[in-house]
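Me: Please look closely at one pairing between strands in the model below. I would then like to see it placed in its wider context.

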Amino acid sequence: LQTLYVRIIEAKELCRPLLQDLARQDMSHSNPYVKVALLPDKKNTKQTTVKKKTQDPIWNETFGFEIPFNEAESRILEISIKDFDKYSRHCVIGCMIFPLNEINLIKGCHMWKPLMPGNKVTNQICCGFLKRFKV
């Protein structure tokens, strides 16, 4: 088995959480964290720490996934940013999927990717940008 390393560096311009009181909307902030999964295995997920009250969080955290090299190219990396809320369900701010067969796994990569709203990965609406390193 080899180890696939994924480093979550930062996100920029994340959507603000919606408030019932629209007059206070400009004062709202997220408490974002990132969940990383190597699909189709949704049980083996990794999670960053929660960053409080920010739309531009910096994590700089690295995660390793044990996987045979010949199997890695058939996998998809799913990264989702969620808003931590201790009183209710954590809502998804944005997500991205990245097929590992689109990159050189030996060399790795360092990039910004736009986030799509919730679990709907389309090319229409951007909810901020996630920077990740060394896939």
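Reply: Val 36 has Lys 46, in strand 3, as its bridge partner. The model is predicted, with local features requiring pLDDT of at least 70 and side-chain atom pairs pLDDT 80 or more, while totals for chains, interfaces and linings use all residues. Residues are numbered from 1 along each chain as its sequence is written, and side-chain values use heavy atoms, without hydrogens or water.

Strand 2 (residues 32-39) and strand 3 run antiparallel and are joined by 4 bridges; two strands pair if DSSP finds at least two bridges between them. Both belong to an open sheet of 4 strands, ordered 3-2-5-6 with antiparallel pairing. Its edges are strand 3 (41-47) and strand 6 (91-99), each of which pairs on one side only. On average, neighbouring strands of this sheet are turned by 25 degrees against each other, direction ignored (axes are lines fitted to C-alpha atoms, for helices over the stretch in contact; angles run from 0 to 180 degrees between N-to-C directions).

The protein chain as a whole contains 1 helix and 8 strands, in the order β-β-β-β-α-β-β-β-β from the N terminus. These elements are DSSP runs numbered from the N terminus: helices are H or I, at least four residues, and strands are E, at least two. Among contacts with a separation of 6 or more, 59% link residues 24 or more positions apart, a contact being heavy atoms within 4.5 Å.
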